[in-house]
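The following exercises ask the student to read a structure step by step. Each task is followed by a worked solution.

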Amino acid sequence: MVTSLPGWTDELARTRLHFVTGKGGTGKTTLAASLGLALARGGRRVLLVEVEGRQGFAQVFDTEPLPYAEQRIASAPGGGEVRALHIDVEAALLEYFEMFYNLGFAGRTLRRMGAIEFATTLAPGLRDVLLTGKIKECVGRTDSDGRHVYDAVVVDAPPTGRVVKFLDVTRALTDVAKTGPIRGQAEGVVRLLHSGETAVHLVTLLEEMPVRETLDAVAELDGADLRPGAVLVNRVRPPRLPAPSLTPAADGQVDENDVRAGLRSAGLDLPDSTVEALVTETVEHAIGIAAEARSSEQLAEADLPTLRLPDLRGGVDVAGLYEIADALVDQGVRL
């Protein structure tokens, strides 16, 4: 029996920084975009952030490549606004030079000399400190009235195999300055990432490898004292057979004569080859649903809130993003 926890919890509703990770190919960028749309409902302002240089949000929203600047990318029902930011590591480092060392011109000179590439190669942890530092700045930014500029920030994070290393800024600090502004900024990042304001959501499919990688990632996050949020189960197919028929069909027990008789009673007299193909498809569907049920049982081991998102035939376009956002809201996603 699958005993997944309810969907969005009150604790998640208080979260302001949402990282979305998942095994490659599970649709994490799509779900990060849809999560942003869902959280922006009712007049909220949400920032989508990407850190991997793939321009994933530009692709899913079918827009021009994003610059290193926050720009409006979509609206949400109720007057909500979604903005997006593509973080460029080099630009982030130059921003640090200007903010903390007053080296705006010198920083640009360093870029021409290739010093930025040298610095991030010499201290690999610096790259993640820069990326997470910019995310922290977006989360903490306030307006002239002292209110947060963004109600929530949603990050399309690296895949599950790399996400803990990306978020474990405490370890990355060993690669960067022992003191100084960047060190102080990084310590602020550590406090944010390990606080109740942050959650890491995991996208999976109901398949063996993604589920196993999801469970491994949950264990890694727990070990690093980072808070797992919800499991977002993507591309869930509805069973098209009555529950009592699923197990026999998965075992190949589908009577071709019964199928033919049922079709004829519905006024369909199909060729034998078509009926045989339908029987084969029925068995394959039942086998797939049975496998997905086993994967659901495994996912229950994570003991996390679980949200199930529909399989949109023909792929996901911008309208599909809003459809998935509706499904998230129906399962309680809110701020």
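**Exercise 1: a lysine in a helix**

At 8% relative accessibility, K28 counts as buried, where buried means under 20% relative accessible area, exposed over 50% and partly exposed in between (1.4 Å probe, protein chains only). The model is predicted: local features need pLDDT of at least 70, side-chain atom pairs count only at pLDDT 80 or more, and totals for chains, interfaces and linings use all residues. Residues are numbered from 1 along each chain as its sequence is written, and side-chain values use heavy atoms, with hydrogens and water left out.

Task: state which polar contact joins the side chains of K28 and another residue.

Solution. Begin with the location: K28 lies in helix α2; helices (H or I, at least four residues) and strands (E, at least two) are DSSP runs, numbered from the N terminus. Next, apply the rule for a polar contact: a pair of N or O atoms within 3.5 Å; within protein, one must be able to donate a hydrogen and the other to accept it, and residues adjacent in sequence count only if both atoms are side-chain atoms. The side chains of K28 and D156 meet this rule at 2.7 Å. A polar atom of the K28 side chain also lies 2.6 Å from the backbone oxygen of A157.

**Exercise 2: the span of a helix**

Solution. Twelve of the twelve residues are buried, so α2 is largely enclosed by the rest of the structure.

**Exercise 3: a threonine in a loop**

Task: describe the surroundings of T26.

Solution. T26 is found in the loop between β1 and α2 and is buried, with a relative accessible area of 1%. Its side chain reaches the backbone oxygen of K23 at 2.7 Å. Leaving aside neighbours within four places in sequence, T26 is in contact (heavy atoms within 4.5 Å) with residues including V203, L205 and N234. The C-alpha atoms of T26 and L205 are separated by 6.0 Å, although the two residues are 179 residues apart along the chain.
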